[in-house]
Amino acid sequence: MSQFEKSLFENLIVGDYANEGDLIQLITDEEDGQQGTENLKEQIPILSVRNTVLFPGVVIPITVGRQRSIKLVKKAQKGDKLVGVCAQINPNVDDPSWEDIYQVGTVAKIIKMIVLPDGNTTIIIQGKKRFQIEEQVTEDPYFVANVKYLEESFPKSSKRLKALEESLKEAATRILHLNPEIPREAQVALDNIDNTPFLTHFLSSNINASVESKQRLLEINDGVERATLLLEFMLKDIQMLELKSEIQKKVHTDIDQQQRDYFLRQQMKVLQTELGEEGPEKEVEDLRARGALKNWPPEVKKHFEKELDKILRINPSAAEYPIALNYAETMVELPWNEFTQDNFDLKHARKVLDADHFGLEKVKDRIIEYLAVLKLKQDLKGPILCLYGPPGVGKTSLGRSIAAALGRKYIRMSLGGLHDEAEIRGHRKTYVGAMPGKIIQNMKKVKTSNPVFVLDEIDKLSSDFRGDPSSAFLEVLDPEQNFAFMDNFLEVEYDLSKVLFIATANSLDTIQPALRDRMEIIEVTGYTQEEKVEIAKRHLVPKQRKEHGLKANQIRFEKAALVKIIEDYTRESGVRNLERAIGKVVRYVAKSIAMEEEYDPKINVETVRKVLGAEIFDKETYQDNSIAGVVTGLAWTSVGGEILFIESSLSRGRGKLTLSGQLGEVMKESAMTALSYLKSRAEELGIDHRIFDQYDLHIHVPAGAVPKDGPSAGITMLTAMASVYTQRKVKSKLAMTGEISLIGKVLPVGGIKEKILAAKRAGIREIILCRRNKRDIDEINENYLKGLEFHFVDTVSEVLDIALLKSKVDRPLQFSFDKEKKSKD
């Protein structure tokens with residue numbers, strides 16, 4: 001109900017001046033407000049009031065709370081009881097000055113003064129005559145001013161004035177009818193007012209308008225102009241009441257279950273506010289406030305605001321509500337264009353990389369190159385690096401070191417066994433249990449848009465009926481596309497171009513060609529014995545000592561002990577098994593300390609043998625060349641390089657070829673190619689051609705439970721066959737690798753560095769390679785090549801000349817042949 005309606009039809013409404021409440025007006029017998037104005041003084045005290053404007057002829061109660069105002073009222077009550085009443089411009093000012101009050105007000109007479117129990121004073125005042133402040137006399141102890149009184153200018157009688165009066169009454173009557181809460185008797189009071197000046201003063205005092213609007217009416221001297229503006233304000237009030245009435249009718253007519261739920265939710269909101277609980281609207285507003293702090297693209301911001309508006313329209317008990325809320329929370333938690341500062345100190349970066357990893361010079365140089373370009377250009381899309389090599393060489397931990405060198409956040413995502421495309425791109429949020437893909441989840445977790453993101457074991461991705469994850473990575477790992485990566489759950493583009501992706505892989509064969517093409521392949525090869533010793537001393541031993549709670553003076557490894565573990569108890573390219581063996585020795589010392597047993601803190605070869613038991617690997621078994629047909633080859637596996645033995649034997653039969661050792665198709669074809677070549681060159685090699693028809697050949701590769709495949713054992717198989725057919729020894733401590741063709745060409749193979757390290761571990765001194773593999777040897781550090789002699793060949797005949805000795809074995813096989821049957825004509 002408006003202020004006009006309340007005061008007009010209840011006659012008295014109690015207000016609170018000090019607490020900015022609604023003020024209530026009385027109808028007075030002195031309707032024109034001019035009686036008793038002949039004794040008005042030009043200098044009067046000024047009382048400032050809040051939230052109301054006093055008009056002549058109107059009686060209002062005011063509760064006085066300020067000390068200045070109380071002094072003024074008490075002084076006036078003892079004197080002529082006259083005060084000047086002016087409205088405050090800003091009602092929030094507690095101690096107003098002259099600039100804070102309007103200059104036009106109404107002089108009033110104090111009718112009654114009441115002292116309330118709480119110490120405040122209430123006065124009932126009656127407006128007398130309007131005035132304007134001419135001179136500000138003083139502010140202490142209260143306002144005093146010289147004023148000029150303003151005269152009313154109403155025409156005595158005119159058709160226009162009569163029409164205005166009727167219009168004002170009709171408007172007031174219309175307001176009565178539009179508000180059913182107003183009693184019908186109020187119409188009687190309205191009809192009894194027949195004084196036009198008082199009618200305008202009374203209605204002006206009670207209209208539903210702001211203090212500024214009422215003050216504007218008070219300052220108008222022309223009565224017709226004031227009545228016209230008053231009518232305008234009342235007509236606006238009527239329009240608002242009619243619109244309100246129309247809306248209420250529609251609500252009562254069209255109310256349904258959804259609207260009923262809305263009203264119940266509003267009531268719940270009020271109850272939750274009273275109980276101090278947060279409602280749905282509070283959650284949305286919190287999200288909106290957090291979103292305002294985000295530095296996201298304009299289209300993303302627009303989409304986010306749209307989603308928040310949608311949440312407000314959803315019933316909190318509906319199934320869609322938590323989904324929509326979870327989506328909005330995901331968006332606001334993502335680091336949109338939030339970056340960490342890169343550290344461009346290249347010397348510091350190199351120092352960090354060297355401290356964390358021994359060796360791996362090619363990888364370190366590539367990272368320093370990336371930092372150098374980024375420092376010069378200040379804007380470089382993140383490269384996609386793929387660290388490729390055997391397990392245990394430090395590929396994954398290298399990613400953490402790169403993050404530390406750059407000063408970036410680090411995140412790791414394991415891809416082993418991942419076979420669902422939705423794990424990368426996410427699910428559409430319409431599905432039950434929908435969530436973003438692991439890329440977006442990790443970006444939300446790391447809270448920065450330029451982390452070092454390690455994609456571990458990218459070669460272990462698999463595909464099934466749920467999609468191909470490796471195809472989803474085509475967009476993630478393409479710098480020309482990933483600036484607008486689209487996650488199914490997120491539904492808006494997310495920029496991944498500043499992320500430094502580092503993939504790790506043990507094998508490149510299982511990586512999709514298109515995906516492999518998007519990555520810069522950096523080979524991380526195995527370690528030499530010297531490098532393993534340094535890694536153990538610098539990293540593995542301190543790490544295991546710390547993990548087992550030992551101090552530096554409680555355990556110390558001799559170099560010979562570390563060499564013993566490396567040579568006799570581990571056979572790998574990396575250092576993972578070496579760390580396990582060191583950990584076992586450290587646990588032995590920890591047990592001795594805990595049980596207060598005597599022990600020697602210096603770990604020597606005897607201690608290693610005591611703790612780890614008998615040697616697992618024996619190099620002497622790889623140097624036995626006294627039997628014809630046994631040749632040492634070099635192979636590459638997913639765990640690094642290994643030496644491979646090819647054994648061959650002959651037995652009486654019909655020329656049958658038998659292959660064993662779980663060989664793959666490519667390896668079987670290499671054996672058949674080698675046999676065909678020997679048959680075609682039997683006379684040159686001094687082989688009786690009858691052997692091929694009357695003796696069966698058996699080729700076996702030991703460790704039969706381990707699958708083996710590939711073409712690199714071609715020359716090894718051929719040498720083994722040639723050795724057993726000719727019964728000539730194979731040179732001691734010699735190994736070889738290479739593919740053969742049917743016409744005797746030796747072709748290049750891969751994994752040269754891994755194979756060379758395996759040869760060194762086994763005590764090999766000479767290696768036969770294809771001449772085109774010489775370029776691979778030139779790229780290897782000289783430290784890896786010490787103690788090795790390389791023979792680069794182009795043809796099989798060169799291989800046999802180098803590998804086979806002139807002398808036969810100690811007990812050569814004696815061949816016997818059946819007499820050839822003459823063919824009948």
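Student: Is E597 buried, exposed or partly exposed, and what is its relative accessible area?
Tutor: E597 is partly exposed, with a relative accessible area of 37%. Buried means under 20% relative accessible area, exposed over 50%, and partly exposed in between (1.4 Å probe, protein chains only). This is a predicted model: local features need pLDDT of at least 70, side-chain atom pairs count only at pLDDT 80 or more, and totals for chains, interfaces and linings use all residues. Residues are numbered from 1 along each chain as its sequence is written, and side-chain values use heavy atoms, leaving out hydrogens and water.

Student: Where is E597 in the chain, and what does it touch?
Tutor: E597 sits in the loop between α21 (576-594) and β16 (602-603). Helices (H or I, at least four residues) and strands (E, at least two) are DSSP runs, numbered from the N terminus. Not counting residues up to four places away in sequence, E597 touches K591 and S592; contact means heavy atoms within 4.5 Å.

Student: Changing topic: which residues are buried in helix α16?
Tutor: In α16 (residues 438-446), these are I439, I440, N442, M443 and V446. Seen down the axis of α16, they fall within an arc of 165°, so they line one face of the helix. The arc is that of the directions from the helix axis to the C-beta atoms.

Student: What do they pack against?
Tutor: The buried residues of α16 pack against several elements, including β9 (410-414), β10 (452-456) and α17 (469-476). Just after α16, K447 takes a positive phi of about 60°.

Student: In what order do the strands of the sheet with β9 and β10 run?
Tutor: The order is β9-β10-β13-β8-β14, five strands in an open sheet with parallel pairing. Two strands pair if DSSP finds at least two bridges between them. β9 and β14 (520-523) stand at the edges, each with a single partner strand, so one side of each has no neighbour in the sheet.

Student: How many bridges join β9 and β10?
Tutor: β9 and β10 pair over five bridges. M413 has L455, in β10, as its bridge partner.

Student: And which helix lies across β8, β9, β10 and β13?
Tutor: That is α14 (residues 395-406), which runs at about 165° to β13. Axes are lines fitted to C-alpha atoms, for helices over the stretch in contact, and angles run from 0 to 180 degrees between N-to-C directions.
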